[in-house]
Amino acid sequence: MIAAVIGGGTMGAGIAHLLLAGGHEVVLAEAGAERAAAAQAAVRASLEKAFQRGKLDRPVEDLLAALTVVEKLADVPAELVVEAVPEDAELKRAVLAEAASACPDAVLASNTSSLSITRLAEGLPGERFLGMHFFNPVPVRELVELVHHPGVAPEVVARARGWAEALGKTVIEVRDAPGFATSRLGVAVGLEAIRMLEEGVADAEDVDTGMRLGYGWPMGPLRLTDLVGLDVRLAIAEHLAAELGPRFEPPALLRAKVERGELGRKTGRGFFTW
């Protein structure tokens, strides 16, 4: 089967990797030749890393033969389209509208971690659109969060679940609400960890160690924030603060780090040095 992914950043490349490893043909769309080349390189690097760890049962070149990278999604007989562009509602609506036209029979899914699926559905064929929230790193993390809005057809939810489960993921279903289930809880803990650091309760290493060893988290909330990106976490927190109130107001320390360009692993420095 053919799937399309729009956006070749960290999440889009990871979703493409997952689909290729699952035996699917993948069309990956990224704007501009330079960004398209970078997206292809990111998918290759991700697959090569997995192969070195013994996580793939086919050579990387065989999997990459099923990948087509394009600068714009045209008429594609895809059965699933996953949008994974930055967390900008207008951008997402624009690329999803193009995907709806280019792939008239596909399930349309957004990988947004916080934006309203109901609002994104406006102007789209909403009966075949839903949220399909993957987690970073996509090939490793077990969960996919399916997000319903009132207009989605039950059979489309079933098709999306089938795709996710066939790719080895465990699915949870939630109704559309600010932050869904996972982002809302994850951001709440992450922001409180930043406040504790800001107040001198403990240093970053000890905060994270406490959550790993005391609560069984595979990664502490501050390292997770570094992995997600401090700018991404700030944007999500601002959105949740606007929707749910001041308990999600971003700490001053988070704003200061973003202003200094300390965005986490992607810049080499966040709450830790990478």
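Student: Which residues in α10 are buried?

Tutor: In α10, the buried ones are Leu230, Arg233, Leu234, Ile236, Ala237, His239, Leu240 and Ala241. Buried means under 20% relative accessible area, exposed means over 50%, and partly exposed is in between (1.4 Å probe, protein chains only). This is a predicted model, where local features need pLDDT of at least 70, side-chain atom pairs count only at pLDDT 80 or more, and totals for chains, interfaces and linings use all residues. Residues are numbered from 1 along each chain as its sequence is written, and side-chain values use heavy atoms, with hydrogens and water left out.

Student: What do the buried residues of α10 pack against?

Tutor: They pack against α7, α9 (221-228) and α11 (252-259). Helices here are DSSP runs (H or I, at least four residues), as are strands (E, at least two), numbered from the N terminus. Contact means heavy atoms within 4.5 Å.

Student: How many Å does α10 reach from its first C-alpha to its last?

Tutor: The expected span is 1.5 Å times one less than the number of residues. Helix α10 (residues 230-244) has 15 residues and reaches 20 Å, close to the expected 21 Å. Just after α10 comes Gly245, with a positive phi of about 110°.

Student: Where does Arg184 lie, and what does Arg184 touch?

Tutor: Arg184 is in helix α7 (residues 182-198). Leaving out residues up to four places away in sequence, Arg184 touches Pro178, Gly179, Leu240, Leu244, Arg247 and Phe248. Two of those, Leu240 and Leu244, fall within the residue range of α10, 230-244. Arg184 is partly exposed, at 29% relative accessible area.

Student: Which residues touch the most other members of the largest nonpolar core?

Tutor: A nonpolar core is a set of buried Ala, Val, Leu, Ile, Met, Phe, Trp, Tyr and Cys residues joined through side-chain atoms within 4.5 Å. The largest one has 39 residues, and Val43, Leu130 and Met132 touch the most other members. Helix α1 (residues 10-21) gives the most to this core, with six residues. There is also a second, separate core of 27 residues, including Ala78, Leu108, Ile117 and Leu120.

Student: What sits over the ring of Phe272?

Tutor: A charge counts as over a ring if NZ of Lys or CZ of Arg is within 6 Å of the ring centre and within 35 degrees of the ring normal. Here the charged end of Arg223 sits over the Phe272 ring, 3.9 Å from its centre.
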